[in-house]
Amino acid sequence: MIRLALRGLRARRLRSLLTALAVLLGVAMISGTFVLTDTIKAAFDDLFVAQNRGADAVVTGRLAVDSDFTTPPSLDAAVLERVARLPEVARAAGQLNDRAAVVGSDGEVVQTGGAPTVAATYMPPPFTAIEIKTGRPPANDGEVALDADTAQEEGFEVGDRVRVAADGPVREFTLVGLATFGTQSSLGGATVVVFDLASAQRIFDKPNQVDFAFVAAREGVTDLDLKRAIQGVLPADAQVRTSAEQAEALSDDIGEALGFLTTGLLAFGFIAVLVGAFLIFNTFSITIAQRTRELALLRMLGASRRQVLTSVLAEALVLGMLGAVAGLVAGFGIARAIDALFGVIGLDLPSTDAVVATRTVVVCLVTGIVVTIAGALGPALRATRVTPIEALREGMAPPRGTFGRRAAPVLAAIAILAGVAMTAFGLLSDGGGETAKLITAAGGAVVLVLGIALLSPALVRPAARVLGAPLVRVTALVGRLARENATRNPGRTAVTSAAMMIGLAVVLFVTVFANGLRERAERILEQTFAGDLAVLHEDGFSTIPAAVAGAVGRVPGVAAVTGIRAAEAEVAGASGDTFGNGVDFATLPAVYRFDWVDGEDALLGRLGPRDVLMEEGTAESARLAVGDAARIAGVREGRFTVRGIYRDDGILTGFTLPVAAFDELFDEKRIVSALVDLEPGADAGRAAAAVEAALEPFPEARARNQAGLEEETGAQITQILGLFYALLAMSVLISAVGIVNTLSLSVHERTRELGLLRAIGMTRRDVRRLIRYESVITAAFGAVLGLVLGLFFAWVVTRALAGEGIVFAVPAAQVAVLLVLALLVGVAAAVLPARKASRLDVLEAVAHE
Amino acid sequence: MPGPESIVVSGRGLTRRYGQGAAGVDALRGVDIDIRAGTFTAIMGPSGSGKSTLMHLLAGLDRPTAGTVEIGGVAVHTLNDAGLTKLRRERVGFVFQAFNLVPVLTAEENVALPLTLAGTAAGAKERVEALLDAVALTDRRTHRPSELSGGQQQRVAIARALVGRPAVVFADEPTGNLDSEASQEVLALLRRAVDEQGQAIVMVTHDSAAAAVADRIVRLEDGRVVAEETA
């Protein structure tokens, strides 16, 4: 029986390949995800280890909050000296870190996607954090070195003059060296400007300070001993780690971020796999139906039910393994593709040789096998129910449903109700664990999809009548035949279109959701931004020097400027990290309108240094009301009284403190934006030009008006949407393969019938049209169901997030385009099968068994 | 192998009704029949006479509305699916009008199929070779059905039907798709199996020339036996 299975696979080569292809694509997504994230993690790990290799211990400022975005306090040089004098210490060197901006060869500031531009200082060997590969390290405050990647991209060479903005107006420096970091020629894609320590201390106004102290131990001193010794001489706001601990801490941070990325990408992989399962179910169903006589013959000759089941499952197993192995290999290509995709949106992640963990191999093989067996199980069980007497019957018996006619709609109804309930519960209920609710919602989504899939055969007839109507109008006979054929086997049409349904549902969901996000962002800006211009970093979220506010304030026509500082903090009781803001409440009202939940504008004049205003989301999360005490931890901790609650998820997110209070918690001197109010009656155009001129020394800053801001937010969301589309392309591809598969099988099945049509005079063109129309009807059916599902999911999720102000806004134009694309997929899928159908030799076809 | 003259298949009061009440069709109305070892029985009749139905019932492929069937002494209606499967493997052989062979297996493998399914490897190879030789297809044993003519396919089918030394072989219009030369070959093979091996064969046919090869002709009309002729 195994031999029979293998022979069967070989004989039906094309079908087998298409089925294996479905498995391949789904598994490739999963393999690619793991390979990519494992490789990135390995690259970062290599980087951290290499960087810390020269040192045995690292001293940094201590933060009250565990965050990547908050600058730790600097260390006094005196601390460094104390450490250097310890008997266990061979050498100690300090390093300064800060923000900077580099002007590229095109005159624009160099953008690095998610990573900021970092200023660092050089430390001589044995410390290896920064190594100069070409040229030499900077020696005075007229010289800098640049990371090798950025230099190469911008075409800078040693000896060139480069313009760098470092906590103030831009200046010119001489490029004297190119830097590398461990094994990489860039630090995770970020741009790094290297100064010498003394110069940096002057430029960044940190006299006698360092941010890191790297320490090398004397011969024979263990890392732990060193750490203990250093601990003894440190003040309370400093901490020491062995370099191994430091590398591990950094690695853990990256691991967490990558964890989110992995989960996200795996979600797309899962969708692709689910779609693949439908395809396998469909292919096997059709194949089993076609092999009814052969199976009946085997039963007649004495094959037991179990032997038949084994044979079919063996086929499935072989295909699953082939697809899984091929998918595993294809994953390398996918990993590269996703990496490139991220590069397009500006996220240049480091890489080394691809890492293939054992876990990846196991997951891929298991997924491939499980998916194939799961898809083939139903048809395999159906195969065992073939009775020997069917070997004697002429023609093909129409396949019955696995559960029989009556059970399916009931089961479908149950599944749909359960799915809706689970999804709604998971997303809309309060309380309960976040993870548990998310899993319930996701599970509910899958159950709902299965329910609709089960119900869809019943919908095929009425739907086909409607969907086929325009086709019948165009070509009466062919249109009618196409419509009849689609309804001939509603089960098969439904399952084929299921793949399209899932693909479109997800695409639609992200589209509508993204649109909701965009509308929300626009609305928030409209409500809160009362100023005329906003000065922000080019990339929209990095910080700019505080001097920008002063420079803009001096421009004629500007009535008021408020700088907003921001840093990441922890609010006791609130989940996750929160961004907090520091503002000057005297000048703020001119440029910002508070959307009060509990409070009033008159409050602003009465706020003292121990008062805080909370954003609605934060207040809810921490269960704080006006009058409560809030404990906030930044670099340092402090207690404040909540005086008002407002709604804003755009400009002043998290919470807002008066500047004096902000400075108590944080050391952040740079601002995240400067909001500008022009004099009433000022010429907007001229004032804007004047502001731009004032910003010349600050190349990383740009002024935008409200429309510009909205446009930019919209553009960012669109970019991410594009990324999602690219990731969903895999699922759409599988569903297209599914339609092609079904169509070819269907053509083969109807060879005699098609031959008959040709024999009595149907042209080749009409035969092609027939197949094409059938494909379009199937695609349209799936698209309509997908539309309903997608809109439902979008609605439920936006309702769940209604508290954050996301609305359910359907972008009609985009939805229409997507539907048309779905139909085009149907047309494209029909090309090959239609050609095959039209090329049938009439005589052969009519005599076909 | 049961001795000559012993009854290998017997049916008593066989009735088969399709559908209910007034719309029902009585394909068979109470047929008694005995098949003895070493005999060649032809069942003839016009279309709708119930001859195929009778054969399906005797072969255990269908259950009668009323009446009993015994194959090799075993009452078929007492068997469950597993039992029926075993019966088909060991005691019964089949040859149809068309589509007898599994397309992806060679002639050799097709002949061996009942033994492969039963899992009896012992002596299988020799038996298969002997039968291929008997049907004169040794030189074609590695060919697939698509590479064989209609007549050759039927010969392979006969070899397969005989491979397990069944108590009885049922043949449903075995010469229906063949030209006269191939038909004669097939009938001669079947006759030889009866004469030389003592095989019992039940053949349903509407071709009088084919029936002429048989020892006994049972004629059916309207679901009843109307005549019995002995050659």
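How many bridges join strand S1 of chain A to S14(A)? Select residues 57-61, which make up S1 of chain A, and show S14(A) beside them. Five bridges join the two strands, and they run antiparallel. Keep in mind that this is a predicted model.

**Stop 1: the sheet of chain A**

Opposite Ala57(A) stands Thr242(A), in S14(A).

Now widen the selection to the whole sheet. Four strands of chain A form it, in the order S3-S13-S1-S14. The sheet is open, and its pairing is antiparallel.

Why is one side of S3 and of S14 in chain A left without a neighbour in the sheet? Select S3 (89-95) and S14 (238-242) of chain A. They stand at the edges and have a single partner strand each, so one side of each has no neighbour in the sheet. Turn the view to look along the sheet. From one strand to the next, the twist averages 20°.

Next, select residues 243-290 of chain A, which are helix H7. H7 packs on the sheet. It touches S1, S13 (212-217) and S14 of chain A. The direction of H7 makes about 100° with that of S14(A).

**Stop 2: the sheet of chain B**

Move to chain B. Here six strands form an open sheet, in the order S6-S7-S8-S3-S9-S10. The pairing in this sheet is mixed.

Which strands are at the edges? Select S6 (92-95) and S10 (224-230) of chain B: each pairs on one side only. The twist in this sheet averages 20° from one strand to the next.

Zoom in on S9 of chain B, residues 216-221. Six bridges join S9 to S10(B), and the two run antiparallel. Click Arg219(B) to find Ala227(B) opposite, in S10(B).

Helix H5, residues 150-163, lies across S6 and S7 (168-172) of chain B. H5 runs at about 175° to S6(B). Helix H6, residues 180-197, lies across S3 (40-44) and S8 (200-204) of chain B. H6 runs at about 150° to S8(B).

**Stop 3: where the chains meet**

Show both chains and colour them separately. In contact are 21 residues of chain A and 24 residues of chain B. The two chains bury about 2100 Å² between them, 67% of it on carbon and sulfur atoms. Select Arg7(A), Met300(A) and Leu301(A): in chain A they lose the most area to chain B, together 28% of what that side buries.

How many salt bridges does the rule find across this interface? It finds one. Show the side chains of Arg7(A) and Glu109(B), which meet in a salt bridge at 2.6 Å, N to O. Four residue pairs are in polar contact between the chains.

Last, select helices H1 (2-11), H8 (292-300) and H9 (305-344) of chain A. Each gives two or more residues to the side of chain A that touches chain B. The largest share, six residues, comes from H8(A). Colour that side by residue type: 11 residues are nonpolar, four polar and six charged.

Technical notes:
Residues numbered from 1 in each chain as written. Chains lettered and ligands numbered in written order. Predicted model: local features only at pLDDT ≥ 70, side-chain atom pairs only at ≥ 80, totals over all residues. Heavy atoms only, no water. Contact = heavy atoms within 4.5 Å. Buried area = accessible area lost by both parts, 1.4 Å probe. Salt bridge = Lys/Arg side-chain N within 4 Å of Asp/Glu carboxyl O. Polar contact = N/O pair within 3.5 Å; in protein donor to acceptor, adjacent residues only side chain to side chain. Nonpolar A, V, L, I, M, F, W, Y, C, P; charged D, E, K, R; others polar. Pairing = 2+ DSSP bridges. Axes fitted to C-alpha atoms, helices over the stretch in contact; angles between N-to-C directions.
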